[in-house]
Amino acid sequence: MPMFDSVLPRPPDLKNEYERHKHVWTLVPDGKVREFQFLWGEKSLVVRAPCALDMATQVSEAVEPKDGATYEFSVLANPVRRFQGSGDRPIKDIALLRVWLTERMEGFSVNETYITKFPRRPIGKNENGFAYPVLFHGMATVKDEVNAQKTWSAGIGRTRAFGYGLLLLAPLN
C-alpha cells in the first residue's frame, strides 16, 4: 500500500507532547487505525499515512526501501532499554546508541551514522513519563527488502505515538 508524507503547518497552541499526539489523531481519516506515523519539526508537522491529508501544504509519495538501494536516512527516536521491574532506561553512550539503531534497522545495513542527543522531554497525558530524543542521520543500504519495508512502515523504537521513530529516506543511487 503506498504511503504519503504530508507536510502541515505546526499549530502554535499545543502545550505538550500529549496534546500534539491528540491533534495528529484528528488529522488522519479513520484515525482509530494506527497506520500513520508523524514527526514534529520547528515550524511544520510531517504525517505519513495511507492517504494525503487535506490540510497539507506539501504532499509526496513516501520513499519506500528497495533491495540493494542506498539511502540517506534520518530518524528522531527515543532509544531506551527495557528492564524487568524498573521500566525503560535511556541509552546515553554513543557506541551503545549505534548498536541500538543497528538492531532496530532490520533489513538495512547501516553504513555511517551521525548522532545528536537532545534534553529529555516530558510525555504522556499527565507528563509523568519522559522521552530522551536522539536524532540519527546517516546512510544505509537495503539488504533485505521485506524486513526493510517492515522497519520503514512500523517506525523505530518506543514512543512512536508521541512523534518518535518516523524513518525518513532519500535515495542516493
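A residue is called buried at under 20% relative accessible area, exposed at over 50%, and partly exposed in between. The model shown in these views is predicted.

**Figure 1. Overview of the protein chain, with its three helices and 12 strands.** The radius of gyration of the protein chain is 16 Å, close to the 16 Å that the globule rule gives for 173 residues, so the chain is as compact as a globular protein of that length. Taken along the principal axes, the C-alpha atoms fill a box of roughly 40 × 40 × 25 Å. Of the 173 residues, 42% are buried. The protein chain exposes about 9500 Å², and 52% of that area is supplied by carbon and sulfur atoms. Among contacts between residues at least 6 apart in sequence, 69% join residues at least 24 apart.

**Figure 2. The largest pocket, which holds about 310 Å³ of space.** The pocket is lined by 19 residues, and the closest to its centre are L39, W40, G41, L76 and R121. Two or more lining residues come from each of α1 (17-27), β2 (37-40) and β5 (70-77). Which element gives the largest share of the lining? That element is β5, with three residues. Sorted by class, the lining has 11 nonpolar, three polar and five charged residues.

**Figure 3. E17 in helix α1.** Is E17 buried or exposed? The relative accessible area of E17 is 5%, so this residue counts as buried; the limit for that class is under 20%. Leaving aside residues up to four places away in sequence, E17 touches R121, P122, I123, F162 and Y164. One of these contacts, R121, is also among the residues closest to the centre of the largest pocket.

**Figure 4. E127 in the loop between β9 (121-123) and β10 (129-131).** Phi of E127 is near 55 degrees, a positive value in a residue other than glycine. Most residues other than glycine have a negative phi. The relative accessibility of E127 is 34%, so E127 counts as partly exposed.

**Figure 5. T159 and R160 in the loop between α3 (145-154) and β12 (168-171).** T159 has a phi near 60 degrees, which is positive although the residue is not glycine. R160 has a relative accessible area of 31%, so R160 is partly exposed; the limits of that class are 20% and 50%. R160 and A77 are 83 residues apart in sequence, while their C-alpha atoms are 8.1 Å apart in space.

**Figure 6. P119 in the loop between β8 (108-117) and β9.** Is P119 buried or exposed? Its relative accessibility is 64%, so P119 counts as exposed; the limit for this class is over 50%. The C-alpha atoms of P119 and F130 are separated by 10 Å. Along the chain, P119 and F130 are 11 residues apart.

**Figure 7. K143 in the loop between β11 (134-142) and α3.** K143 counts as exposed because its relative accessibility is 60%, and the class begins over 50%. Which residues does K143 touch, not counting residues up to four places away in sequence? They are D67, G107, F108 and S109. A separation of 29 Å lies between the C-alpha atoms of K143 and V7, which are 136 residues apart along the chain.

Key:
Residues numbered from 1 in each chain as written. Predicted model: local features only at pLDDT ≥ 70, side-chain atom pairs only at ≥ 80, totals over all residues. Heavy atoms only, no water. 1 Å grid on protein atoms, 1.4 Å probe; cavity = no way out; pocket = protein on both sides within 12 Å on 5 of 7 lines; lining within 4 Å. Points joined across faces, edges and corners; volume = space filled by probe spheres on them. Helix = DSSP H or I, 4+ residues; strand = E, 2+ residues; numbered from the N terminus. Nonpolar A, V, L, I, M, F, W, Y, C, P; charged D, E, K, R; others polar. Rg over C-alpha atoms; globule rule 2.2 N^0.38 Å. Buried < 20%, exposed > 50% of the residue type's maximum accessible area, 1.4 Å probe, protein only. Contact = heavy atoms within 4.5 Å. Areas by Shrake-Rupley, 256 points an atom, 1.4 Å probe, with all protein chains shown as cover.
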